[in-house]
Amino acid sequence: DVGDGCHAVRSADFPGVLGLVEDGKVRRITLGSGSDVKLAEGIGVGASEAEIEKRFAGFRSESHKYEAAPAKYLTAPNADRGGAALRFEIGGDGKAKAVHVGMMPQLAYVEGCG
């Protein structure tokens with residue numbers, strides 16, 4: 001039982017992967033630093049913004065909350081429609097530092113559970 005509220009879970013089997021659990025359900029999976037997991041399209045942490053845009057056209061670009069441009073978030077156009085979606089966090093080096101898969105509002109959480 002994972003309980004209520006919001007918290008992160010990790011597995012030693014998947015380094016760098018974080019599950020965000022809210023109200024007892026996994027709401028988002030994040031591939032972060034140290035993860036070698038890739039999406040079916042071959043994109044993962046370390047992919048360039050150009051590689052991401054080639055595979056995922058039409059993503060909405062938003063300013064990064066804590067880093068200056070060119071750091072940003074690239075969010076799938078379907079994210080606000082209630083289904084599962086993708087969000088890439090691009091670092092100042094122009095490469096993905098995190099890949100988030102989940103549903104809003106958790107998909108856009110910047111600081112873990114908020």
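Strands β3 (25-31) and β7 (96-102) pair in the antiparallel sense over four bridges. Helices (H or I, at least four residues) and strands (E, at least two) are DSSP runs numbered from the N terminus, and two strands pair if DSSP finds at least two bridges between them. Within this pairing, R28 has G102 of β7 as its bridge partner. The model described here is predicted, so local features need pLDDT of at least 70 and side-chain atom pairs count only at pLDDT 80 or more, while totals for chains, interfaces and linings use all residues. Residues are numbered from 1 along each chain as its sequence is written, and side-chain values use heavy atoms, with hydrogens and water left out.

Strand β7 also pairs with β6 (85-90), again in the antiparallel sense, over six bridges. Here I90 has A96 of β7 as its bridge partner. Together β6 and β7 form a hairpin with five residues between them, and G94 in the turn has a positive phi of about 80 degrees. How many residues of β7 are buried? Five of its seven are, which leaves β7 mostly covered; buried means under 20% relative accessible area, exposed over 50%, and partly exposed in between (1.4 Å probe, protein chains only).

On its other pairing, β6 is joined to β5 by four bridges, and these two strands run antiparallel. K72 stands opposite I90 in this arrangement. Strand β5 (residues 72-75) is covered on both faces, with K72 and L74 buried on one side and Y73 and T75 buried on the other. In a regular strand the side chains alternate between the two faces of the sheet. Strand β4 (residues 60-63) pairs with β5 in the antiparallel sense over four bridges, and E62 stands opposite Y73.

Two residues show how these strands meet the rest of the chain. S61 is found in β4 and touches K72, Y73 and L74, not counting residues up to four places away in sequence; contact means heavy atoms within 4.5 Å. S61 and V45 are 16 residues apart in sequence and 18 Å apart in space, C-alpha to C-alpha. R87 lies in β6. Is R87 buried or exposed? R87 counts as buried because its relative accessibility is 5%. Leaving out residues up to four places away in sequence, R87 touches E62, Y73, L74, T75, A98, V99, H100, L107 and A108. The C-alpha atoms of R87 and A47, 40 residues apart along the chain, are separated by 13 Å.

In soluble globular proteins, nonpolar side chains tend to be buried together. The largest nonpolar core of this model has 18 residues, and L39, I43, I52, F56, F59, L86 and F88 have the most contacts inside it. Such a core is a set of buried Ala, Val, Leu, Ile, Met, Phe, Trp, Tyr and Cys residues joined through side-chain atoms within 4.5 Å. Strands β6 and β7 are the elements that give two or more residues to this core, and the largest share, four residues, comes from β6. Beyond its neighbours within four places in sequence, F88 is in contact with residues including L39, I43, I52, F56 and F59.

The largest pocket has a volume of about 260 Å³. On a 1 Å grid over the protein atoms alone, a pocket is an open set of points where a 1.4 Å probe fits, with protein on both sides within 12 Å along at least five of seven lines, and lining residues have an atom within 4 Å of a point. Grid points are joined across faces, edges and corners, and a volume is the space filled by probe spheres set on the points. The lining has 20 residues, of which L18, T30, E89, A98 and H100 lie nearest the centre of the pocket. Which strand gives the most to this lining? That is β7, with three residues.

Some backbone details remain. Most residues other than glycine have a negative phi, and most peptide bonds are trans. D23, in the loop between β2 (17-22) and β3, has a positive phi near 55 degrees. A cis peptide bond joins A69 and P70, with omega about 20 degrees, and P70 is placed in the loop between β4 and β5. Another cis peptide bond joins M104 and P105, with omega about 5 degrees; P105 is found in the segment after β7.
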